[in-house]
Amino acid sequence: MRNDGFAGKSAFVTGAGGGIGLSLVRLLLEEGVRVTAEELAVDALRAIGGDDLHIMELDVRDSSAVDG
């Protein structure tokens with residue numbers, strides 16, 4: 001990823017625990033972005049860790065979980 005001024009910004013990534021979502025989380029963190037990552041399977045996200053990563057174990061298909 002190029003340095004396009006993302007440092008210091010915030011991002012919310014759904015489906016962040018694998019594949020494209022997990023890769024996106026890693027790239028954003030490398031660019032200095034504060035990331036809120038949503039996923040049901042959070043183990044891969046916990047392995048990344050760091051102060052700029054906030055992990056939410058959440059199923060966006062469940063409206064009561066999203067509203068709460």
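Analyst: In the protein, 32% of the contacts with a separation of 6 or more are between residues 24 or more positions apart. Contact means heavy atoms within 4.5 Å. This is a predicted model, where local features need pLDDT of at least 70, side-chain atom pairs count only at pLDDT 80 or more, and totals for chains, interfaces and linings use all residues. Residues are numbered from 1 along each chain as its sequence is written, and side-chain values use heavy atoms, with hydrogens and water left out.

User: How many helices and strands are there, and what makes a run count as one?

Analyst: The protein has three helices and three strands. Both are DSSP runs, numbered from the N terminus: helices are H or I with at least four residues, strands are E with at least two. From the N terminus on, the order is β-α-β-α-β-α.

User: Why is the protein called as compact as a globular protein of its length?

Analyst: Set the value against the rule. The radius of gyration is taken over C-alpha atoms, and the globule rule is 2.2 Å times the number of residues to the power 0.38. For 68 residues the rule gives 11 Å, and the protein has 12 Å, which is close, so it is as compact as a globular protein of that length. Along its principal axes, the C-alpha trace spans about 35 × 20 × 20 Å.

User: Why is Leu 53 called buried?

Analyst: Buried means under 20% relative accessible area, exposed means over 50%, and partly exposed is in between (1.4 Å probe, protein chains only). Leu 53 has 12% relative accessibility, so Leu 53 counts as buried. Of the 68 residues of the protein, 25% count as buried.

User: Where does Leu 53 lie, and what does Leu 53 touch?

Analyst: Leu 53 lies in strand β3, residues 53–57. Leaving out residues up to four places away in sequence, Leu 53 touches Val 25, Leu 29, Val 35, Ala 37, Leu 45 and Ile 48. Val 35 has its own list of contacts beyond four places in sequence, including Ala 11, Val 13 and His 54.

User: What makes a group of residues a nonpolar core, and which residues form the largest one?

Analyst: A nonpolar core is a set of buried Ala, Val, Leu, Ile, Met, Phe, Trp, Tyr and Cys residues joined through side-chain atoms within 4.5 Å. The largest has ten residues: Val 13, Ala 16, Leu 22, Val 25, Leu 28, Val 33, Val 35, Ala 37, Leu 45 and Leu 53. The elements giving two or more residues to this core are α1 (19–30) and β2. α1 gives the most, with three residues. In soluble globular proteins, nonpolar side chains tend to be buried together.

User: How do you know that Asp 43 and Arg 46 form a salt bridge?

Analyst: The rule asks for a side-chain nitrogen of Lys or Arg within 4 Å of a carboxyl oxygen of Asp or Glu. For Asp 43 and Arg 46, the closest N and O atoms are 3.9 Å apart, and the pair forms a salt bridge. The two are three residues apart in helix α2 (residues 43–48), so about one helical turn separates them. Both Asp 43 and Arg 46 are exposed.

User: What else is Arg 46 paired with?

Analyst: Glu 57, also by a salt bridge at 3.9 Å, N to O. Glu 57 is in strand β3 and Arg 46 in helix α2, so the pair ties together parts eleven residues apart in sequence. Asp 43, Arg 46 and Glu 57 are linked in a network of salt bridges. The count comes to three salt bridges.

User: Why is Asp 59 called partly exposed but Arg 61 exposed?

Analyst: Asp 59 has 22% relative accessibility, so Asp 59 counts as partly exposed. Arg 61 has 70%, so Arg 61 counts as exposed. These two also form a salt bridge, with the closest N and O atoms 2.9 Å apart.

User: How do you know that Glu 39 has no salt bridge?

Analyst: Lys and Arg count as positive, Asp and Glu as negative, while His and the chain ends are not counted. The nearest side chain of opposite charge to Glu 39 is Arg 61, 8.1 Å away. Glu 39 is buried and has no salt bridge. The side chain of Glu 39 does reach the backbone nitrogen of Ala 41, at 3.4 Å.

Technical notes. A polar contact is a pair of N or O atoms within 3.5 Å; within protein, one must be able to donate a hydrogen and the other to accept it, and residues adjacent in sequence count only if both atoms are side-chain atoms.
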